[in-house]
Amino acid sequence: MDFLMSGLAACGACVFTNPLEVVKIRMQLQGELKAPGTYQRHYRNVFHAFFIIGKVDGLAALQKGLAPALLYQFLMNGIRLGTYGLAEAKGYLRTAEGTISPVRSAAAGALAGVMGAYLGSPIYMVKTHLQAQAASEIAVGHQYKHQIFPPQSWKVALAAAMVSGIAVVLAMTPFDVASTRLYNQPTDTQGKGLMYRGILDALLQTARTEGILGMYKGIGASYFRLGPHTILSLFFWDQLRFFYHSYTK
């Protein structure tokens, strides 16, 4: 839980500070290995950089690289703060007398920081490439032309389905669990359920007896089913429409 809370806290901060990271990356790459005065300064200061990026690249460009930035923050800070918090909770930072040891604290902090930075380095590289990408008139540094997926690729639809699927399964799984149990419950001779009076009763009984997590049983299977099911449904629908219109012309 220490790792999870630390990572989520860092991700929350990252959403608000990522535009400053984009500006920082651009300014650090500006004039790379060029003597002062021999290159065009696209970004004069922080505020000017914000204005120019928003004007030329669009406001959305100020959040470039957000996905890898969030993953990096979750991984690096989750490991860094989580490891340090674990060491503190286990008492490794205290002396035999029970006082905090500055040497042990510094060593634990340094080790946790090194682990987080090392494991997060590949993600940070991807983040930097994406944040450096700019329109040609304000581009600085080397421009990597990453495209995550080719245009019109089925992978775009699959990725969209998998991302949106997170919200869907979080909202729908409790009702899915309740409906599954309603359909599967034993009935009397009149067909009336013997365990649940309705969907609300099923939700309440599940929550009271099994806790909140009981309402999310099977969420993993639901999530990994949703993406392929959505993309295959849309694929078959599109193909059937194509064949229909081809033969009815």
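## Cysteines

A disulfide is a pair of cysteine sulfur atoms within 2.5 Å. This is a predicted model, in which local features need pLDDT of at least 70, side-chain atom pairs count only at pLDDT 80 or more, and totals for chains, interfaces and linings use all residues. Residues are numbered from 1 along each chain as its sequence is written, and side-chain values use heavy atoms, with hydrogens and water left out.

The structure holds zero disulfides. C11 is in no disulfide, and the nearest cysteine sulfur to it belongs to C14, 6.7 Å away. From the side of C14, the closest cysteine sulfur is that of C11, and 6.7 Å is too far for a bond. Buried means under 20% relative accessible area, exposed over 50%, and partly exposed in between (1.4 Å probe, protein chains only). C11 is buried because its relative accessibility is 14%, and C14 is buried with a relative accessible area of 5%.

## The loop between α1 and α2

Helices (H or I, at least four residues) and strands (E, at least two) are DSSP runs, numbered from the N terminus. Q30 sits in the loop between α1 (2-29) and α2 (46-57). With 11% relative accessibility, Q30 counts as buried. A polar contact is a pair of N or O atoms within 3.5 Å; within protein, one must be able to donate a hydrogen and the other to accept it, and residues adjacent in sequence count only if both atoms are side-chain atoms. A polar side-chain atom of Q30 lies 2.6 Å from the backbone nitrogen of H42. Leaving aside residues up to four places away in sequence, Q30 is in contact (heavy atoms within 4.5 Å) with Y39, Q40, R41, H42, Y43 and V140.

L33 lies in the loop between α1 and α2 as well. L33 is not a glycine, yet has a positive phi of about 55°. Most residues other than glycine have a negative phi. L33 counts as exposed, at 87% relative accessibility.

The expected span of a helix is 1.5 Å times one less than its number of residues. For the 12 residues of α2 this gives 16 Å, which agrees with the 16 Å between its end C-alpha atoms. H48, A49, I52, I53 and G54 are buried in α2. After α2 comes G58, with a positive phi near 100°.

Helix α6 (residues 199-210) reaches 16 Å from its first C-alpha to its last, close to the 16 Å expected. Its buried residues are D201, A202, L203 and T206, and α6 is followed by G211, whose phi is positive, near 85°. Helix α7 (residues 219-248) has 30 residues and reaches 43 Å, close to the 44 Å expected. Y223, L226, G227 and I231 are buried in α7.

## Nonpolar cores

A nonpolar core is a set of buried Ala, Val, Leu, Ile, Met, Phe, Trp, Tyr and Cys residues joined through side-chain atoms within 4.5 Å. The largest has 11 residues: V22, V23, Y43, A49, I52, I53, A61, L62, A134, I138 and V140. The elements giving two or more residues to this core are α1 and α2, and α2 gives the most, with three.

A second, separate core has five residues, including A178, Y196, A202 and L203. V140, from the largest core, touches R26, L29, Q30, H42, Y43 and A132, not counting residues up to four places away in sequence.
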